[in-house]
Each structure stands twice: as C-alpha cells, then as structure tokens.
Amino acid sequence: MDRPNAEMPALIGQTGPLNGQRWTIGQTIIIGRDPTCNVMIPDRQISRFHARLTPSNKGVLLEDLGSKNGTYLKGKKVVDPVFLQDGDAMQVALVQHFVFLSSDSTMPMDKDLVKPQIKGKIYVDAKSRRVWVGSKEMVPPLSVPQFRLLQILCDQQGKVVSRQELISEIWPDQEPMGISDQALDALVRRLRNRIAQLDPKHNYVVTTRGYGLRLDNPSE
C-alpha cells in the first residue's frame, strides 16, 4: 500500500484481553487464537484463524475466515468481505472489541488511553470512542447512536440542543422526518440507563420540555 507510515490505518483494542493495544495496518493482518497470528487473542471462543484485514488502495478489507463464533462490524455479523470506514466498531466473537481508524495520525497515544484530568465527571474521548463517568470507564462501549448523542451534548456542554439538531446529527444519512420522536426518546432512555449504571445519583441528560436536551456535567 503506497502510503506514508504516518497515514497508515490502525486498529485499537478496546473491551477484551487486548484493551489498549494498537496495530498499524501496513500489511495483511490475521486475527485469531493461533500463536502465529498477527493479532493473537488467547480465548477458546476465538477460532485459530478467525478474521483477516487486508490493506489496499481502496481501503482496508475485513473478512471472516469461517470462524465458529463470527466477526461483527457495527453489531452485524460479517458474511461477505467489507471495507472498513473510519471509526468502525469491530468485534471478534463475544471476546474482543476493536475500533478502526483510517489513519494512525489520529490514533490515541498511550497517554490518551487513560482518563485525562478535566472538569466534569463525564469525559468522552472522540478518538478512541471511549467514555468515562468519574474514574469508571463505560464497558461495554456505547452503541454508535448513543455515543453520537453523548458527544453532541458534551461538545455543547450546558447548552440546550434542539431535538431537530440531535436527530440530524445522530442519523445524518436519513431524512429527519423519517426519524420519530419516539426513536430519539428511546435512545435518550438507553443512554441514561448506561450512565446510571456507573453513577445512579445524578441526572446528566436533562430534558428541556418542548425543545431539547442539555448535559449537566458536574465537576468531580
């Protein structure tokens, strides 16, 4: 692949035994349980040769290698080879989660893999798609729509974001009129439930009736 090293795509381990590890994808990478694999996951749920990542001029191609417990991309089982997009969440069996970045120039360094000292109990790391509430990391990671919702509210912390703006940002590929208020309400409810698992004492996502939502993110 004719790219400078600084622009190589990258794979970052998240939830699972390889959490925090990272690989640049400059050549074909085999993921599996066998010790000869480029990314070795020592778990019986992982097939010996489970999945393959192949870089090309068109991007990085993800293939499942006939694994027993499947490879998943954005929550859907991979049946046919598929090109990865920046920020894609990938899962190998039920064991290891990864995030794919189209360039390792945006890949978090070791210091980014721990929660920085910031004001506010909730912290969202847009690069690694990780979330902390206080000192606790949210595991398993939020779904893509949940993460987008929280990130939008964090970016405009303390401000009320309209429901229409939220819908347009969370579901950019769909007509806004095709997304019901019930769909947004259900997403908000799921996000609140996930946050409450780590801190049930505070309501972080506040509804402004008739308009939208804001993030109430107190300091630690």
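**Entry 1: I170 and its helix**

I take a helix to be a DSSP run of H or I, at least four residues, numbered from the N terminus. With that settled, I looked up I170 and found this residue in helix α2. The model is predicted, which I keep in mind throughout.

Is I170 buried or exposed? I read a relative accessible area of 1% for I170. Buried means under 20%, so I170 is buried.

Next I listed what I170 touches, leaving out residues up to four places away in sequence. The list is P145, R148, L149, I152, L184 and L187. I followed up R148, which is 22 residues from I170 in sequence. Their C-alpha atoms are 5.8 Å apart in space.

**Entry 2: α1 against α2**

I then turned to helix α1, residues 144-155. The axes of α1 and α2 come within 10 Å and cross at roughly 130°. That angle makes α1 oblique to α2. I noted the crossing of α1 past α2 as right-handed.

Which residues make this contact? From α1 I have P145, R148, L149, I152 and L153. From α2 I have L166, E169 and I170. Sorted by class, the contact of α1 with α2 has six nonpolar residues, two charged and no polar.

**Entry 3: α2 against α3**

I looked at the other helix contact, between α2 (residues 163-170) and α3 (residues 181-198). They pack at an angle of about 80°, and their axes are 11 Å apart. Angles of 65 to 115 degrees count as roughly perpendicular, and α2 and α3 therefore fall in that class.

R163, I167 and I170 are the α2 residues here. In α3 they meet D181, L184, D185 and L187.

**Entry 4: the three-stranded sheet**

I traced an open sheet of three strands in the order β15-β17-β16, paired antiparallel. The edges are β15 (161-162) and β16 (205-208), each pairing on one side only.

I checked how β15 joins β17 (residues 212-215). Two bridges link them, and the strands run antiparallel. V161 has L213 of β17 as its bridge partner.

Which helix lies across this sheet's strands? I found α1 across β15, β16 and β17, running at about 70° to β17.

**Entry 5: the five-stranded sheet**

I moved on to another open sheet, with five strands in the order β4-β3-β5-β6-β9. Its pairing is mixed. β4 (39-40) and β9 (82-83) stand at the edges with a single partner strand each, so one side of each has no neighbour in the sheet.

I followed β9 to its partner β6, residues 59-64. Two bridges join β6 and β9, which run antiparallel. L61 stands opposite F83 in β9.

Past β9 I stopped at Q85, in the loop between β9 and β10 (89-92). Q85 has 47% relative accessibility and counts as partly exposed. I also looked up its separation from L101, 16 residues away along the chain. The C-alpha atoms of Q85 and L101 are 7.6 Å apart.

I looked at the neighbours of β13 in turn. Strand β12 (residues 122-125) is joined to β13 by four bridges, and the two run antiparallel. V124 has V131 as its bridge partner in β13.

On to β14, residues 136-137. Two bridges join β13 and β14, again antiparallel. W132 has E137 as its bridge partner in β14. What does the hairpin of β13 and β14 have between its strands? I found two residues there, and G134 takes a positive phi near 65°.

Which way do the side chains of β13 (residues 130-133) point? R130 and W132 point one way, V131 and V133 the other. This is in keeping with what I expect, since side chains in a regular strand alternate between the two faces of the sheet. R130, V131, W132 and V133 are all buried.

**Entry 6: whole chain**

Last, I noted the totals. The chain has three helices and 17 strands. Of its 220 residues, 44% are buried. I also looked at contacts with a separation of 6 or more: 46% of them are between residues 24 or more positions apart.

Methods: Residues are numbered from 1 along each chain as its sequence is written. Side-chain values use heavy atoms; hydrogens and water are left out. Buried means under 20% relative accessible area, exposed over 50%, partly exposed in between (1.4 Å probe, protein chains only). Two strands pair if DSSP finds at least two bridges between them. Axes are lines fitted to C-alpha atoms, for helices over the stretch in contact, and angles run from 0 to 180 degrees between N-to-C directions. Angles under 35 degrees count as roughly parallel, over 145 as roughly antiparallel, 65 to 115 as roughly perpendicular and the rest as oblique. Contact means heavy atoms within 4.5 Å. A crossing is left-handed if the near helix is turned anticlockwise from the far one by less than a right angle, and right-handed if clockwise. Ala, Val, Leu, Ile, Met, Phe, Trp, Tyr, Cys and Pro count as nonpolar, Asp, Glu, Lys and Arg as charged, and the others, Gly among them, as polar.
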